[in-house]
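Try each task yourself before you read its solution.

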Amino acid sequence: FGVALCFFGGVYPAAIAAAEAFRMYGWDNTRQHLMMLWEEHQRLRGENHRDNSIDEDGNGIADVDEVNGRELFTRKMKLFLVHADPARMNAAVGGLWHATLGVIGVLKIQFARTVTLGAAIGDVTSKTMGRAATPVLAHLL
């Protein structure tokens, strides 16, 4: 992980803040949501495989091979809507979105703090440097 962060250059602190925010949300929750999506994927994949082998007209060619793209899309969308568990899908996607928003929020706060600190340092040093450097620069120019 450390070696990968070395290649981020100027965004090294932001990468650490993002990783820390993700860790604070909890890998266990994220892992649980990903597992829910994986289980739904596996179940829907099985249903899709069964749908691909259906030959309702009995001509020896699977029905999915005989329809055009629009009809195939409609058929597969109906398959998804009938067999997917909306509560599990909503919980899993919502949990992943919650983790994403947590990371985005931390990064925005980190950026705001950095900009504020930079502006404050600039204000303080500009007055001091202005008094010290103005005569020297005027003499040189």
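**Exercise 1. Which residues make the nonpolar surface patch of about 410 Å²?**

Solution. In this predicted model, the patch is made by Phe73, Met77, Phe80 and Leu81. Pick out Phe73 to begin with: this residue is found in helix H4. Next, check its accessibility. Phe73 has a relative accessible area of 55%, and the cut-off for exposed is over 50%, so Phe73 counts as exposed.

**Exercise 2. Find the salt bridge between Glu39 and Arg88, and work out which helices it ties together.**

Solution. Start with the contact itself: the two side chains meet at 2.4 Å, N to O. Now place each partner. Glu39 belongs to helix H3, which covers residues 27-52, while Arg88 belongs to helix H5, residues 86-140. The two residues are 49 apart in sequence, so this pair ties together separate parts of the chain.

Finally, widen the view. Glu39 and Arg88 are linked with Glu40 and Arg43 in a network of salt bridges.

**Exercise 3. Are Arg50 and Glu47, which meet in a salt bridge, buried or partly exposed?**

Solution. First, locate the pair. Their side chains meet at 2.8 Å, N to O. Both residues lie in helix H3, 3 residues apart, which is about one turn of the helix.

Now apply the cut-off: buried means under 20% relative accessible area. Glu47 has 18%, so Glu47 counts as buried. Arg50 has 49%, so Arg50 counts as partly exposed.

**Exercise 4. Which helices are linked by the salt bridge between Asp51 and Lys76?**

Solution. Begin with the distance: the Asp51 and Lys76 side chains meet at 2.8 Å, N to O. Asp51 sits in helix H3 and Lys76 in helix H4, residues 69-83. The partners are 25 residues apart, and the pair links distant parts of the chain.

**Exercise 5. How many salt bridges does a search of the whole structure find?**

Solution. The search finds 6.

Key:
Residues numbered from 1 in each chain as written. Predicted model: local features only at pLDDT ≥ 70, side-chain atom pairs only at ≥ 80, totals over all residues. Heavy atoms only, no water. Salt bridge = Lys/Arg side-chain N within 4 Å of Asp/Glu carboxyl O. Helix = DSSP H or I, 4+ residues; strand = E, 2+ residues; numbered from the N terminus. Buried < 20%, exposed > 50% of the residue type's maximum accessible area, 1.4 Å probe, protein only. Patch = residues over 30% accessible without salt bridge, like charges linked within 9 Å, V, L, I, M, F, W, Y side chains within 5 Å. Areas by Shrake-Rupley, 256 points an atom, 1.4 Å probe, with all protein chains shown as cover.
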